[in-house]
Amino acid sequence: MKVACKVVIDPKWVPGGHVGDGFTIKPCKAERKVLRKRKRIKPSEWAEKHRVLGQESALPGPWRNDTAPYVTGILDAAYAPGVKEVDWCAAPQVGKTEAVNTLLGYSIDRDPGPAMLVYPDQATAKHNIVKRIRKGLLEPSPRLSTYLTGSEDDFSSNRINLQHMAIYTAWAKSPSSLANKPIKIIIFDEVDKYPKVSSKKETGPIPLGEKRLRTYKWSSKNFKISSPTIPGGEIWQALLGAQVVFQYYVRCPHCGSYQRMHFKQFRMPEDVRDTERIEAELLGWYECENMGCRWDDHDRDKAVQLGEYRDPVSGVEMFAYLKVHRPRRIGFQTPAWLSRFVTLSEVVSAFLKGTKEHGGSDWKEMAKDFKNGYEAEPWEDFHVQRDEDKIEAMCDERPRMMVPGPIDGLPRIAGLVAGVDTQDKSLPYVIVAFGYGKAEESWRVRTGYALTISDLEEILWGQTYKDAEGNEHRVELVFWDAMGHRTKEIYTVATQRRGRMLPIRGRVNINAPLTFSDIEYFPKSKIKIPGGVKLVNIDTKFFKDDLSTALSVEPGDPGGFHLYNKDEMPHDYAAQMCAEFFDDELQAWMQPSGRKVDYWDCEVYARAAWYHLGGSNREPPKIQRKPKEQIKQKQPTQSDILGGWRPGWFGTR
Ligand SMILES: [Zn+2]
């Protein structure tokens with residue numbers, strides 16, 4: 001076969017008077033290999049011939065499609081005509097990274113062009129280019145290793161130059177690593193671990209990387225792979241953007257019926273809930289949806305072997321679907337139990353560990369792990385992290401508006417503060433009494449919704465609050481949310497109540513719990529605020545963390561959180577206090593849509609007010625203690641019980 005080709009050129013262009021009817025260039029070996037017309041083979045066929053897994057792999061040696069039959073369809077669909085993007089949401093143990101490296105190997109050999117691998121961070125990128133690409137993909141494969149140049153200079157910590165193309169790595173935290181190179185194949189690995197984009201102005205790593213594909217508009221490949229985290233995570237959002245998400249249908253080796261494997265068909269013995277025993281004795285099994293056939297691990301492997309991908313909506317087999325619809329962007333979702341490396345018993349056990357009854361203290365973490373790591377589904381934590389019942393158990397018997405009184409003549413209350421949230425039609429508030437000391441024990445004194453500003457002014461400043469002995473307390477400082485539609489009115493109140501009320505706004509990720517801004521003008525106007533006001537910026541994460549910690553204190557322990565009597569507390573106080581949850585992935589407090597959190601916000605502001613006053617540094621006044629006998633003789637009075645430390649326990653202990 002002749003591989004040299006003749007190039008006809010205009011003689012005028014030829015330097016040095018070299019005149020002729022053209023000259024011959026000789027393509028290098030690698031170019032010849034690519035230029036050569038070869039029979040088109042599918043990536044899965046190519047993989048069995050040329051892909052060899054390196055020593056770092058769980059199963060080193062030649063690639064075998066039957067190790068993970070559900071991968072074969074993904075490989076071949078990725079190079080089906082018209083497909084440009086593959087979004088693959090998968091459990092961690094299903095071999096997705098090796099699969100995507102196989103696709104990279106295929107493109108090096110069959111469809112070359114500059115490639116980029118995007119990892120969550122630089123350390124992962126550095127590690128993977130050596131371990132997964134050089135030693136795991138290129139060097140072990142006799143075919144792919146022929147593209148290596150033989151020069152060590154062609155390997156760097158973020159790039160490999162092959163004879164005919166380059167492989168770059170980039171990482172999500174560095175936009176510059178993603179810029180300025182035309183790319184034909186881009187692989188976004190573990191996208192749910194990418195850092196969140198903090199502002200709308202900032203462009204995320206994925207759109208930045210995707211811009212690189214423009215040069216190869218018609219032949220580019222874009223792969224996004226990850227285990228899922230939450231519904232807002234990158235991979236789940238990518239799946240939602242795909243034109244079709246294919247699901248794997250296994251085929252029962254007993255009755256022959258095709259079905260998707262669902263967790264609800266997993267079984268375990270009625271009387272065993274010991275997860276270690278279930279895993280050790282392989283007590284889990286699977287029940288075929290069609291005939292109730294019982295599968296052990298071996299049957300499951302066979303069922304997967306016989307399976308195929310389908311569009312779950314139409315039921316059409318994947319390659320038939322691809323041929324007819326020619327989608328540009330396709331998705332896959334792969335649960336762990338399709339993998340032969342995950343036993344059915346392991347799945348059952350992982351599920352049990354994520355239940356309140358059978359899991360340990362970290363059952364919730366395990367429930368999330370089961371959802372993400374086995375079902376390959378995002379985790380939605382709409383369960384309350386703080387128990388409503390537990391919050392109600394914090395009620396004592398004090399009447400509403402009563403401050404806890406002294407015990408043995410020792411005052412307990414270091415001060416009263418209030419937090420006010422601002423709604424369009426009402427003003428939710430809490431008045432909180434804080435105890436002495438760093439533990440910041442606290443008692444709700446009054447909570448509710450004021451309808452007008454003057455009503456609220458009466459509640460906050462129009463009266464004093466008494467303990468059972470008649471000692472009077474005033475609200476020392478109010479933190480009042482000034483955002484929303486009523487900023488002007490609130491600034492006006494602030495000018496009238498200087499030193500006793502500060503307008504606030506909630507912020508996240510400011511560099512101190514509280515910062516201050518001087519405001520000279522009313523919002524959206526050129527009208528000066530007489531004397532100006534100080535606006536407090538509150539780091540809401542800081543104070544929400546603090547509040548959440550306070551709520552976790554057992555009743556009676558230092559730092560306890562007390563409500564007044566249950567009958568007078570607002571009926572939905574506990575529910576509002578439990579609505580927000582902390583998202584570990586985002587490292588942020590989240591408010592599920594439709595849930596009210598007014599009191600929660602008010603409590604946050606009240607804590608911030610106490611922080612601003614430096615209340616935890618206050619020393620209790622030295623008071624002459626009564627002689628011991630007198631105390632002993634003293635019977636607990638009604639006021640002790642109503643206003644006492646651990647009310648309700650007094651008589652029973
Ligand atoms: Zn069956």
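User: Over residues 628–653, how many contacts beyond four places in sequence does the model have?
Analyst: This is a predicted model. Across residues 628–653, pLDDT stays under 50. Contacts beyond four places in sequence for that stretch number 34.

User: Which residues touch the most other members of the largest nonpolar core?
Analyst: In soluble globular proteins, nonpolar side chains tend to be buried together. The largest nonpolar core here has 92 residues. Those touching the most other members are Ile74, Val118, Ile187 and Val347.

User: What is Ile187 in contact with, leaving aside neighbours within four places in sequence?
Analyst: Ile187 is one of the residues touching the most other members of the largest core. Its contacts, with those neighbours set aside, are Val100, Leu104, Leu117, Val118 and Phe223.

User: How many residues are in the second, separate core?
Analyst: This core includes Leu456, Val533, Leu535 and Phe561. Its residue count is 63.

User: Are H17 and H19 roughly parallel or roughly perpendicular?
Analyst: Helix H17 (residues 540–551) packs on helix H19 (residues 598–613), with axes 9 Å apart. The angle is about 100 degrees. Angles of 65 to 115 degrees count as roughly perpendicular. H17 is therefore, relative to H19, roughly perpendicular.

User: By class, what residues does the contact of H17 with H19 have?
Analyst: H17 contributes Thr540, Phe543, Lys544, Asp546 and Leu547. From H19 come Glu603, Val604, Arg607 and Ala608. By class, the contact has 4 nonpolar, 1 polar and 4 charged residues.

Definitions and conventions. Residues numbered from 1 in each chain as written. Predicted model: local features only at pLDDT ≥ 70, side-chain atom pairs only at ≥ 80, totals over all residues. Axes fitted to C-alpha atoms, helices over the stretch in contact; angles between N-to-C directions. Helix = DSSP H or I, 4+ residues; strand = E, 2+ residues; numbered from the N terminus. Parallel < 35°, antiparallel > 145°, perpendicular 65-115°, else oblique. Contact = placed C-beta atoms within 7 Å. Nonpolar A, V, L, I, M, F, W, Y, C, P; charged D, E, K, R; others polar. Core = buried A, V, L, I, M, F, W, Y, C linked by C-beta atoms within 7 Å. Buried ≥ 20, exposed ≤ 12 C-beta atoms within 10 Å, placed from the backbone. pLDDT = per-residue confidence, 0-100.
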